[in-house]
Amino acid sequence: MNNKILKTLTALISTGLMAPAFAADPQTADLAERAARDYREQARYPAWSQAVALGAPDPVQAERTPSRQTLPGPNGASPALSVWSSDLRAESGDTITLYAEMVEKKPKDTLAIMLSSGADENDAWTLTGELVGHNSGTLAEIDYRDDGKSPDEVAGDGVYTGSYTLPGEHRPEMGKAENIAVRVTAENPQAEPRHAVGGFLYSHPAAALTGRFRDSEVDGNLVLQAEVAVFKAARFHLQGTLAAPSGQSIATAKTSETLEPDTHWIDLPFYGLAFHERGLPGVYQLNTVTLSTTGSIPNALGPLMHNAHNTRAYGLSQFSSQPFGRKNLLEAAQRLEKQSQR
């Protein structure tokens, strides 16, 4: 059973909305036990700082990795059109690169590149894109090319490329952002179209990281401080991932503050238990960090800073080794365990 179903059942049991007789069903009881174990594991860390599993990707970086949007032709016809962008967000003056591929489906529903601009002329595709702002309307129409000329990198490799520089005249109000849809159409000589929609965020944050950081141990936790320049009063969300010198992610943290225009320092605490569990004393690296302006939908995302700061050397004895014990999660785990035993 997938995680979505598990979460739904967990919510029903923990809130008492699922009848005890149903909760006693062996499969449901097993789900409740699994959910309770998951809650107890999560309760070991505070909501503002979580450990990153060994070998897992940087969660902040993962959130900012663009994903493909892929749609087949009518009635599932191949090839499908797959589109994506170079970034999830951009600001005025930034140039965002837009990509597209024609892909065929393999028997096991995996996608593989099958067509390129060098294919037989009967299979050649012409790709165009329309950029449409949620508030601004149509911003531009672009041609996708696979000829090796900038912004395209390799001629005939099947990756069609276009680009767009965000204009100042359509810039969102400071502290806000606008969703930009990229509607892509591919058509072959037989006039058999394919359509797919990607997109990105046109962002105008009300504050920016200055690039200055400092670190200290506070109450058994490692506290990173980031200096921010605030241009307009708003609520801001800071998040980052701390890594070992090897680049392996250790922990992620997040915090929010409401700030007035000025230069401020924001605390970003990493819970001490994470360093004990990984057995990693020493110098740590702020692998990724970003500052966003919140309060409106969508949030105005700031850029990602990479390898932003190296801390001083710390010993494990300086950090707390005690589980945090989030009360709400522990209580939810207890309710689930009682339901599963009925």
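Which residue stands opposite Ala51 in strand 15? The residue opposite Ala51 is Ala251.

## Basis of the model

This is a predicted model, in which local features need pLDDT of at least 70 and side-chain atom pairs count only at pLDDT 80 or more, while totals for chains, interfaces and linings use all residues. Residues are numbered from 1 along each chain as its sequence is written, and side-chain values use heavy atoms, with hydrogens and water left out.

## Strand 15 and its partners

Strands here are DSSP runs of E with at least two residues, numbered from the N terminus. Two strands pair if DSSP finds at least two bridges between them. Strand 1 (residues 49-51) is antiparallel to strand 15, with 3 bridges.

Strands 14 and 15 form a hairpin with 5 residues between them. In the turn, Gly247 has a positive phi of about 100°.

## Lys254

Lys254 lies in strand 15 (residues 249-259). Lys254 counts as partly exposed because its relative accessibility is 42%; this class lies between buried (under 20% relative accessible area) and exposed (over 50%), using a 1.4 Å probe and protein chains only.

Leaving aside residues up to four places away in sequence, Lys254 touches Ala47, Trp48, His237, Leu238, Gln239 and Leu268. Contact means heavy atoms within 4.5 Å. The C-alpha atoms of Lys254 and Val289 are separated by 9.6 Å, and these residues are 35 residues apart along the chain.

Note on methods
Helices (H or I, at least four residues) and strands (E, at least two) are DSSP runs, numbered from the N terminus.
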